[in-house]
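Please look over the sequence and the model shown below before reading on. The report that follows takes up the strands, the helices, the core and a few individual residues in turn.

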Amino acid sequence: SRLERPTFVALWRRAECRRVGFAVSRQLRGAAQRNRARRRIREAYRQVRSLIAGDVELVVVARPGAATRPFPELVEDMRRLADSLARLTSAARARA
């Protein structure tokens with residue numbers, strides 16, 4: 001499934017254990033900018049990792065705003081992702 005936020009797109013699916021990957025599109029020009037966006041997204045994830053369900057595989061694809069948006073907003077986007085994943089995974093468990 002796919003969840004969109006202003007600074008990234010998250011692709012996820014249920015899994016046995018948690019796995020996370022980070023990617024940045026070449027829409028962000030310059031390797032330094034891409035690396036900066038990747039580092040910022042990764043650090044935002046680390047700050048909310050405990051809130052994210054342990055049974056999902058997740059790929060976070062940074063959007064251009066990830067390199068420039070204020071870091072607290074980036075963390076808030078990641079927190080909202082964690083909330084959405086919690087709702088969606090609990091709903092999927094209820095159906096199963």
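Does Phe-71 count as buried, partly exposed or exposed? At 24% relative accessibility, Phe-71 counts as partly exposed, where buried means under 20% relative accessible area, exposed means over 50%, and partly exposed lies in between, with a 1.4 Å probe and protein chains only. The model is predicted, and local features need pLDDT of at least 70, side-chain atom pairs count only at pLDDT 80 or more, and totals for chains, interfaces and linings use all residues. Residues are numbered from 1 along each chain as its sequence is written, and side-chain values use heavy atoms, with hydrogens and water left out.

**Strands**

Helices (H or I, at least four residues) and strands (E, at least two) are DSSP runs, numbered from the N terminus, and two strands pair if DSSP finds at least two bridges between them. Strand β1 (residues 2-4) and strand β2 (residues 8-14) form a hairpin with three residues between them. The pairings are listed in the table.

| Strand pair | Bridges | Direction |
|---|---|---|
| β1 and β2 | three bridges | antiparallel |
| β2 and β4 | seven bridges | antiparallel |
| β3 and β4 | six bridges | parallel |

Individual partners can be picked out in each pairing: Arg-2 has Leu-11 of β2 as its bridge partner, Ala-10 is bridged to Val-60 in β4, and Val-24 stands opposite Ala-62 in β4. Strand β4, which spans residues 56-62, is mostly covered, since five of its seven residues are buried.

Helix α1 (residues 31-48) has 18 residues and reaches 26 Å from its first C-alpha to its last, which is close to the 26 Å expected at 1.5 Å a residue; the expected span is 1.5 Å times one less than the number of residues. Its buried residues are Arg-34, Ala-37, Arg-40, Ile-41, Ala-44, Tyr-45 and Val-48. These residues cover an arc of only 135° around the axis, so they lie on the same side of α1, the arc being that of the directions from the helix axis to the C-beta atoms.

Rings of Phe, Tyr and Trp (its six-membered ring) pair if their centres lie within 6.5 Å, and planes under 30 degrees apart count as stacked, over 60 as edge-to-face and the rest as tilted. By this rule the count comes to one aromatic pair. Phe-22 and Tyr-45 form this edge-to-face pair, at 5.7 Å centre to centre and with 65° between the planes. Because Phe-22 lies in strand β3 (residues 19-24) and Tyr-45 in helix α1, the pair ties together parts that are 23 residues apart in sequence. Tyr-45 is buried, with a relative accessible area of 6%, whereas Phe-22, at 22% relative accessibility, counts as partly exposed.

**The nonpolar core**

In soluble globular proteins, nonpolar side chains tend to be buried together. A nonpolar core is here a set of buried Ala, Val, Leu, Ile, Met, Phe, Trp, Tyr and Cys residues joined through side-chain atoms within 4.5 Å. The largest such core has 25 residues, of which Ile-41, Ile-52, Leu-58, Met-78 and Leu-81 touch the most other members. The elements that give two or more residues to this core are β2, α1, β4 and α2 (71-95), and its largest share, six residues, comes from α2. Contact means heavy atoms within 4.5 Å, and, leaving aside neighbours within four places in sequence, the contacts of Leu-58 include Ala-10, Trp-12, Val-20, Ile-52, Leu-81 and Leu-85.

**Residues of helix α2**

Phe-71 has its place in helix α2 and, leaving aside neighbours within four places in sequence, is in contact with Arg-40, Glu-43, Ala-44 and Gln-47. The C-alpha atoms of Phe-71 and Glu-43, 28 residues apart along the chain, are separated by 9.4 Å.

Ser-84 is also in helix α2 and counts as buried at 9% relative accessibility; with the neighbours within four places in sequence left aside, Ser-84 is in contact with Leu-3 and Arg-5. Ser-90, likewise placed in helix α2, counts as partly exposed at 37% relative accessibility. Ser-90 and Trp-12 are 78 residues apart in sequence and 14 Å apart in space, C-alpha to C-alpha.
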